[in-house]
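Subject: Handover of a structure and findings

Dear colleague,

Please find the structure below, followed by an account of what was found in it.

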Amino acid sequence: MTNPISDKRYRFSSVVYATGGNAKVIRNWLDRKQVMLEANEEREGQKWRQFSVWDAFRLAVIRRLVEFCVPVELASLIVGGLLVPHMLLLMYKNTPPRALVAALSLTTLFVWREEDGWKHKIYNGAGDPPEVPDAVIYVSIGSIAERVVEALEEIGDDD
């Protein structure tokens, strides 16, 4: 068996549903290479993109950040960095998507803008919360992971 988080594939319409996003907007991000995902890397010629749970989760968080005026490319970089500590989940066989939800359940992302640009901090629930300005974008990463996985489970297999 392969890793269900990174290897199971879903159609574009399923991923759009799971992210709660707009199909045209997400397609534009992908076509303009503002967001890089496994679905783009593995695409050959004119074949349809196939998305992993990992891709869907990344798009969902990016969408939420963009709703609060974070530039798409920056949101993509922030989300990429956020997930680096969880890459081990992709290396094990049979890791269920619920493991991603559990690993991210206490994770919060704080994003804000200062004069010299956008800043962000990640809090994983351990220790004291980071010091952040009094006005920030607060993103419950665990809640987003839960919604994405639930939506994809509801859809079932796209194969």
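In this predicted model, Val111 stands opposite Ile137 in strand β3, and Leu109 stands opposite Val139 of that strand. Strands here are DSSP runs of E with at least two residues, and helices are runs of H or I with at least four, each numbered from the N terminus. Strand β1 (residues 108-114) and β3 pair in the antiparallel sense over four bridges; two strands count as paired if DSSP finds at least two bridges between them.

Two notes on conventions apply throughout. Residues are numbered from 1 along each chain as its sequence is written, and side-chain values use heavy atoms, with hydrogens and water left out. As the model is predicted, local features need pLDDT of at least 70 and side-chain atom pairs count only at pLDDT 80 or more, whereas totals for chains, interfaces and linings use all residues.

The sheet

The three strands form an open sheet in the order β2-β1-β3, with antiparallel pairing. Strands β2 (117-123) and β3 stand at the edges with a single partner strand each, so one side of each has no neighbour in the sheet. From one strand to the next, the twist averages 20°. Buried means under 20% relative accessible area, exposed over 50%, and partly exposed in between (1.4 Å probe, protein chains only).

Helix α7

Helix α7 (residues 141-155) lies across β1 and β3 and runs at about 45° to β3. The angle is taken between N-to-C directions, from 0 to 180 degrees, with axes fitted to C-alpha atoms, for helices over the stretch in contact. The 15 residues of α7 should span 21 Å at 1.5 Å a residue, and its end C-alpha atoms are 21 Å apart, which agrees; the expected span is 1.5 Å times one less than the number of residues. Among the buried residues of α7 are Ile144, Val148 and Leu152. The buried residues of this helix pack against α1 (12-19), α4 (53-67), α5 (72-83), α6 (97-104), β1 and β3, where a contact means heavy atoms within 4.5 Å. Just after α7, Gly156 takes a positive phi of about 85°.

Aromatic pairs

A search of the whole structure finds two aromatic pairs. Phe12 and Phe51 form a tilted pair, 5.9 Å centre to centre with 45° between the planes. Phe12 lies in helix α1 and Phe51 in the loop between α3 (38-41) and α4, so this pair ties together parts 39 residues apart in sequence. Phe51 is buried, with a relative accessible area of 0%, and Phe12 counts as buried at 13% relative accessibility. The rings of Phe110 and Tyr138 have their centres 5.7 Å apart and their planes at 70°, so that pair is edge-to-face. Phe110 in β1 and Tyr138 in β3 are 28 residues apart. At 10% relative accessibility Phe110 counts as buried, whereas Tyr138, at 55%, counts as exposed. Rings of Phe, Tyr and Trp (its six-membered ring) pair if their centres lie within 6.5 Å; planes under 30 degrees apart count as stacked, over 60 as edge-to-face and the rest as tilted.

The chain as a whole

The protein chain has seven helices and three strands. Of its 159 residues, 45% count as buried.

With kind regards
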